[in-house]
Amino acid sequence: MRKLAPARPAFPAFPALPALPALAILIALSACSNKPPENKDYASRLTDERQAKNTQFMEEDEPVPKSRKAKLLPLAYFPIDPDYNVPAALKPAESETIVQMPTSTGKLRPTRIVGTLEFILKGQPLKLAATVDAEARNLDHLSVMFTDLTSGAETYPGGRYIEFDRNGSGIYELDFNRAFNPYCYYNESYECPYPPPENRLKIPIRVGERLKSEGKS
């Protein structure tokens with residue numbers, strides 16, 4: 001997502017990484033990732049990150065305008081659930097794929113599909129496309145845009161985002177507790193792409209940021 005501005009020149013595509021035996025790796029990683037002793041520290045770190053984000057949004061004029069701070073801040077979240085922090089293997093796209101993604105402004109934005117993240121959530125194998133803005137200066141910063149069965153009721157109708165930097169291993173921490181509403185939810189001056197059709201999950205994801213409800217935070 002970005003604030004509306006003149007288009008920037010496109011940059012070269014990502015170099016492809018070797019294909020991974022994703023399912024086998026994920027099964028092994030998932031079996032090793034259930035370590036409850038770390039859950040308390042994990043929740044504390046997330047809580048600290050959220051408090052810091054609230055402080056930043058309160059002190060700065062963007063993305064939340066002054067006229068909406070009282071309504072939207074502090075941001076609202078589902079309870080933290082470590083089971084929604086899972087390893088994911090990135091299967092790189094076989095060839096460069098740039099699609100025209102619809103956005104919150106009604107325009108189209110060229111977006112590069114860099115590959116597919118394969119992961120296991122609650123015992124269910126799932127996939128999500130990973131993307132990068134085709135005009136972005138940092139092509140190593142990946143976005144996963146998704147909707148789920150909470151979208152439009154408990155969470156922003158246009159979906160939520162998870163972002164992370166690309167690494168050399170092809171294995172990523174896909175943490176739905178860090179899913180956040182795009183900036184266009186707070187401020188219409190931002191343009192946010194909507195998730196591609198393949199990223200519409202048929203399950204509810206009740207972790208991460210949610211819509212602000214009366215009397216809740």
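**Burial, pairing and helix geometry in a predicted model**

Q: Why is D175 called buried?
A: D175 has a relative accessible area of 3%, and because buried means under 20%, exposed over 50% and partly exposed in between (1.4 Å probe, protein chains only), D175 counts as buried. The model is predicted, so that local features need pLDDT of at least 70 and side-chain atom pairs count only at pLDDT 80 or more, whereas totals for chains, interfaces and linings use all residues. Residues are numbered from 1 along each chain as its sequence is written, and side-chain values use heavy atoms, with hydrogens and water left out.

Q: What makes D175 and R178 a salt bridge?
A: The term requires a side-chain nitrogen of Lys or Arg within 4 Å of a carboxyl oxygen of Asp or Glu, and the closest N and O atoms of D175 and R178 are 2.6 Å apart, so the pair meets the definition. R178 itself, at 31% relative accessibility, counts as partly exposed. Through salt bridges with shared partners, E49, D175 and R178 are joined into one network.

Q: How do you know that D81 and K122 form a salt bridge, and what does the pair tie together?
A: Their closest N and O atoms are 3.9 Å apart, which is within the limit for a salt bridge. D81 lies in the loop between β2 (76-77) and β3 (85-102) and K122 in the loop between β4 (108-121) and β5 (124-133), so the bridge ties together parts that are 41 residues apart in sequence; helices (H or I, at least four residues) and strands (E, at least two) are DSSP runs, numbered from the N terminus. D81 is partly exposed at 21%, while K122 is exposed at 54%. The structure holds eight salt bridges.

Q: Why is the pair F57 and Y183 called edge-to-face?
A: Rings of Phe, Tyr and Trp (its six-membered ring) pair if their centres lie within 6.5 Å, and planes under 30 degrees apart count as stacked, over 60 as edge-to-face and the rest as tilted. The count comes to 10 aromatic pairs by this rule. For F57 and Y183 the centres are 6.0 Å apart and the planes stand at 80°, so the pair is edge-to-face. F57 belongs to helix α2 (residues 39-59) and Y183 to the loop between β8 (171-175) and β9 (190-191), 126 residues apart.

Q: How do you know that the end-to-end span of α2 agrees with its number of residues?
A: The expected span is 1.5 Å times one less than the number of residues, which for the 21 residues of α2 gives 30 Å, and the end C-alpha atoms are 30 Å apart, so the values agree.

Q: Why are the buried residues of α2 placed on the same side?
A: Y42, L46, R50, N54 and F57 are buried in α2, and they cover an arc of only 110° around the axis, which puts them on the same side; the arc is that of the directions from the helix axis to the C-beta atoms. On the other side of α2, K40 and E59 are exposed.
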